[in-house]
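What can be said about the fold of this chain, and how do its elements meet?

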Amino acid sequence: MTPPQIEAYVDAAAAALDLPLSAEHRPGVLQFFALAAGFAAQLQAVPLHAHDDPAPVFAPVEPSAKAAA
C-alpha cells in the first residue's frame with residue numbers, strides 16, 4: 001500500500017469504528033499499519049497451491065529433550 005492509501009484506510013477504519021485518533025497517536029498508527037501492510041504483502045507474494053491447505057486441527061507436540069538442550 002502507498003502512504004496515501006494507508007492514511008485513507010486508517011482514517012476510514014477509525015471512522016467506521018467510531019474510534020477517535022488523536023494527532024499525537026496518528027504517526028505511530030500509520031507507521032505500524034505500514035509495517036503490517038508490508039508483512040501482508042510478503043505473505044501474499046508466496047504462491048499457494050491446492051495441496052497447501054491449513055491443518056484442520058492443531059495438535060501441539062511436546063519438544064524433545066534433545067531440542068531443549
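Predicted model: local features only at pLDDT ≥ 70, side-chain atom pairs only at ≥ 80, totals over all residues.

Residues are numbered from 1 along each chain as its sequence is written, and side-chain values use heavy atoms, with hydrogens and water left out.

The chain has a radius of gyration of 19 Å, whereas a compact globule of 69 residues would have one near 11 Å; the radius is taken over C-alpha atoms, and the globule rule is 2.2 Å times the number of residues to the power 0.38. Along the principal axes, the C-alpha trace spans about 50 × 35 × 20 Å. The chain contains 3 helices and 0 strands, in the order α-α-α from the N terminus on, where helices (H or I, at least four residues) and strands (E, at least two) are DSSP runs numbered from the N terminus.

Two packed helices are described by the angle between their axes and the distance between the axes. Helix α1, residues 3-16, packs against helix α2, residues 26-44, at an angle of about 115 degrees, and their axes are 10 Å apart; the axes are lines fitted to C-alpha atoms, for helices over the stretch in contact, and angles run from 0 to 180 degrees between N-to-C directions. The two helices α1 and α2 are therefore roughly perpendicular to each other, a term for angles of 65 to 115 degrees, with those under 35 counted as roughly parallel, those over 145 as roughly antiparallel and the rest as oblique.

Which residues form the contact between α1 and α2? From α1 come I6, E7, Y9, V10 and D11, and these meet R26, V29, L30, F33 and A34 in α2, contact being defined as heavy atoms within 4.5 Å. The residues of this contact divide into 7 nonpolar, no polar and 3 charged.

Within α2, L30 is buried, with a relative accessible area of 16%. Leaving aside neighbours within four places in sequence, L30 is in contact with I6, E7 and V10, and the C-alpha atoms of L30 and E7, 23 residues apart along the chain, are separated by 6.7 Å. D11, in helix α1, is partly exposed, with a relative accessible area of 37%.

In the loop between α1 and α2 lies D18, which is exposed, with a relative accessible area of 69%. The phi of D18 is near 55 degrees, a positive value in a residue other than glycine.

Key:
Nonpolar A, V, L, I, M, F, W, Y, C, P; charged D, E, K, R; others polar. Buried < 20%, exposed > 50% of the residue type's maximum accessible area, 1.4 Å probe, protein only.
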